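Morning, everyone. I have one structure to walk through today. Let me put it on the screen.

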Amino acid sequence: MGAALHAVSGVASSSPPGRALRLVVLLAVVGGVILPILAGLWATARAGFAILPAIGAETLSLEPWRMLAGLPGLGTSLKLTLLTGLGATALALILAGGTCAAVHGRMSIRAGGRMLTPFLAAPHAAVAIGLAFVLSPSGWIARALAPLAGWDRPPMLVTVNDPWGGALILGLLVKEVPFLLLVMLSALSQIAVARHIAVGRALGYGRGIVWVKVILPQVWPLVRLPVMVVLAYSLSVVDMALILGPSNPPTLAVMLLRLFSAPDTAMLLPASAGAVLQGGLVALSFGLLLLVERGVKRIGLWWLRRGGRGLSAEPGLWLTTGVTASVMVLGALGMLALLVWSLAWRWSWPGMLPESWSLGAWTRPGTGWGRALWHTVLLAFATTGLALALAVAWLEGEDRARMRRARWAEALIYLPLLVPQIAFLYGLNVLFLRIGISGGMAAVIWAQALFVFPYVMIALSDPWRALDPGLPRAAAALGAGPWRRLWAVKLPVLLTPLMTAAAIGVAVSVAQYLPTLFMGAGRIATLTTEAVTLASSSDRRVTGVYATLQAGLPFAAYAAAFLIPALAHRNRRGLLGGEGAP
Amino acid sequence: MTLEIAGLSVRYLNEPSLFAPLDLLVAGGEVATVMGPSGVGKSTLLDAIGGHLAAGFTMTGSVRLDGFEITHLPPEARRIGLMFQDAALFPHLSVGDNLAFGLARETRGRAARRAAVEAALEQAGLAGLYERDPATLSGGQRARAALMRTLLADPKAVLLDEPFSRLDAARRAEMRNFTFAHIRKRAIPALMVTHDPADGAATGGPVLSLGGDPAKR
C-alpha cells in the first residue's frame, strides 16, 4: 500500500484529444477571424498613406489625408457622425437603464424577452425602411395628423434624412434600446436585486433611488462591453444612415462608402484615409466612455455619500419607460408599414389604409427577389453553421481542459464587434482579391461569419456553462468518452440554446450590408443589399416586398428556434421551460 | 474485487489539503462509509476517486481497482459507477434509453440490449416504463432507475454520494436495502459518503469519519 504516490492535477489529466481540439479552435479563431481583421486594418491603413499597388500607388505620402481634408462637407460630416453616434448610444443607455429599473420585478424576464425578440430579430435596414415609411411626410403619422392640421396634401416637412440626423438616431434607438434591455436583464439575473432593494428601502431610500444608486452601478461592469459594441456600431453604421440619415453631407461612414465605390479609383486613397479616421473616431469614443465612467463614478460616490433620501427617481424612470415604449411602437408600426406597402395597390392621401390591395409585387420572384432570397438563405445557413460549429468546438475545448475563459479570449470574441466594419473591410477585400476569392460566395460567407460568430458565441456561452455538470459526469461514470458525452448528452440537452443561438446567427447574417457589398463586389445580391438600394427608389411596393422578406427570414428562424425544441422535447418535462430564455 | 485508496488527499490550488491523507481498502460486496459534516470535502473525495475533479483541484496518492493503478485514467475508462442524490438522469432521454445509455457494450444486438434494459426495469419495479419521461417519475423511482443505469454499465466499483438524502424516511430504508443487496450480489466494492448515521449503520461495513483536518482549523 502507498507504493506509488502520484500528483495528478485536474488540468494535466485531460487527454491529448482535448488539447488537439483546443488547438484547432485556436487556429480557426486566430486564422479565420482575428488575422483577417488585423490584416484588413493594416491594408486599409497602408492605402490611407498612399500605398495601394493595385492602382499603382507605391510611395508613402500624406496626400490621401490632404485629399480627404479637402472634401467638401467633411467637418459637418464628422460633427454629424459624433452627434448621431454618441447621441444614440447615450440615449439608448439612459432609456434602457430607466426602463429596466421601472419594469424589473413587475414583468417576468421571459415575457420581457419575448417582447424584445422581434426588435432583436429585425435587420437594421428593414427597421430603417419601415421607419422611413412611417415618418415620411406621406407616412402614417402625417396621415393621422392631416384632418387635424388641415393638410390636403403631404406637408413640406423634412422628417426623414433630416440634416441633424434625428431620424437616424431614432432608427438606431429602435434597434439598440431592445438590445441593451436584453443585455441588462441578463446581467440583472446575476445580481441579488430583490435583497439589495429591500436593504436600500429599509434604510429609507425610495425604490427608484436604490436602482440608480445601488443596482445600476453593479450592472454597469457587466454591460460595458455590449455598450461599447453599440457605440462602435452607431458611429460607423452604413445601411441605416443611407436610408434615414442626412444625405448632403452624410455621416462619415456613408461618405466613405461613396468614395470607395466612386468610379475614379484615385478616390480609394482618401477613402482609406477616412477609414483610418473612422477607426480613430471609435477608439477616441471608447476613451471618452472611460473618462465619463470615471467622472460619473466620482460624482456618483459624492452623491451617494451625502446620503440624500428625499428625491424620488420614480417619475424619471417612468418617463424613460414611456419614451422606450413609444420608440418600440414606432418600430413596430414600421414593420407593419412594410407589409402593408408590399400589398398595396392604390393608396392615396390621406387614407390610413390602401383603397385597393394587390399581390402583384409578390407574384414576380423573377424580377429579382427570388434570387436575392436564395442568396440570403444560403449565406445565413453557411455562416450560422460555421459559427455554431466553431462555438461548440470552443466551449467543448474549455470543458475538456476544465478551464475558465481567460479575459483575452473574451476580448477576442468581441473584437469583430468593436472595430468599425468600414475601417477594415476594404483592406480585407484587397487581400481577398490577391488570393482570388473576392466577388465569390466564399468571400462573402467568410466576411459575414466574422460578425455572426461573436454573437453566436456570446449567446451560447452562458447556457453552456449553466448545464448541470452532473449529466456529463454521470455519462463519464457510465463509460461514455468525451465525444459521446458531447453528442449524446450535452448537445441534445442544450438543443434550445443551440437553436436560439442559430436564430441569432441567421438574424445577424441576414442583416449584413457592408460585408456583402464589398466582398461580393456588387455581384452577390441579397435581400439587404437590394432593399437598401431600393429604399431611395419611388416604388414602395417593391421595396416593401424586399424589406418584408428581409425581416421575415429572421422571424422564421426565431419561430423555428422555438418550435424545434418544443417538438423534439414535447415529452420531456425536464427540458421544457428550463433554460434558454431568448 | 477490491478498491484500494492509498495516501489520497486533495487540495484546491495552493490551499492546504482538504483532509489528511486517506488509506482505505474496500473488499468486494462491502460498502464502506465516509461520514462528516458538510463542506469537509466528502464529495471531492469521491470526485478524486472517480476522476471527476473540477478545475483547480489537485490530488496526491493513488487509487487502485483490483490491484490496477487507475489514478491516471480518464473517468470513462475507470469503470467506477457513480450515484448522486439527485439521480442525474438525462432529461432528454426516456427512462429506458437512460438505462440503454449505461448498458455495457458487451451486450450486443438490438433485441438483446432491449431485453437487458427491460429486465433491469423489471428488477427495479419500473416494468413498462421504458418510454416514460424521467421528469415524471417519483423520487424513489428515479433513484432506482439511476442505480440500474449504473449497474448496467457493469462497474467494478460504485461511489454513492449521499444517495438517499432526497428520499423520505420510508423510501430511504427501502432504497438502502435495494441498493446494498445489488452491490452484495455483484460482489463489487462500494464507497458511500453521507451525513446520515443510519446510512452507515445499515451497511455493516467500515465507517470512516472525515472530521476536518488540523491544517484548516
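Start with B:Gly140. Leaving out residues up to four places away in sequence, B:Gly140 touches B:Leu167, B:Arg171 and B:Met175. Keep in mind that this is a predicted model.

Where does B:Gly140 sit? It is found in helix 4 of chain B, residues 139–152. Buried or exposed? The cut-off for buried is 20 or more other C-beta atoms within 10 Å. B:Gly140 has 20 C-beta neighbours inside 10 Å, so it counts as buried. Now look at B:Tyr12. B:Gly140 and B:Tyr12 are 128 residues apart in sequence, and their C-alpha atoms are 35 Å apart in space.

Next, a helix pair in chain A. Helix 5 of chain A covers residues 124–135, and helix 7 of chain A covers residues 166–188. Their axes come within 10 Å and cross at roughly 130 degrees. The two helices are therefore oblique to each other. The crossing is right-handed. On the helix 5 side, the contact is made by A:His124, A:Val127, A:Ala128, A:Leu131 and A:Leu135. Helix 7 of chain A brings A:Ala167, A:Leu170, A:Gly171, A:Val174 and A:Lys175. By class, that contact has seven nonpolar, two polar and one charged residues.

Last, the contact between the chains. It takes 35 residues from chain A and 40 residues from chain B. On the chain A side, strand 1 (6–9), helix 18 (470–477) and helix 19 (482–493) each supply at least two residues. Helix 18 of chain A gives the most, with six residues. The chain A side divides into 18 nonpolar, 12 polar and five charged residues.

Notes:
Residues numbered from 1 in each chain as written. Chains lettered and ligands numbered in written order. Predicted model: local features only at pLDDT ≥ 70, side-chain atom pairs only at ≥ 80, totals over all residues. Axes fitted to C-alpha atoms, helices over the stretch in contact; angles between N-to-C directions. Helix = DSSP H or I, 4+ residues; strand = E, 2+ residues; numbered from the N terminus. Parallel < 35°, antiparallel > 145°, perpendicular 65-115°, else oblique. Left-handed = near helix turned anticlockwise from the far one by under 90°. Contact = placed C-beta atoms within 7 Å. Nonpolar A, V, L, I, M, F, W, Y, C, P; charged D, E, K, R; others polar. Buried ≥ 20, exposed ≤ 12 C-beta atoms within 10 Å, placed from the backbone.
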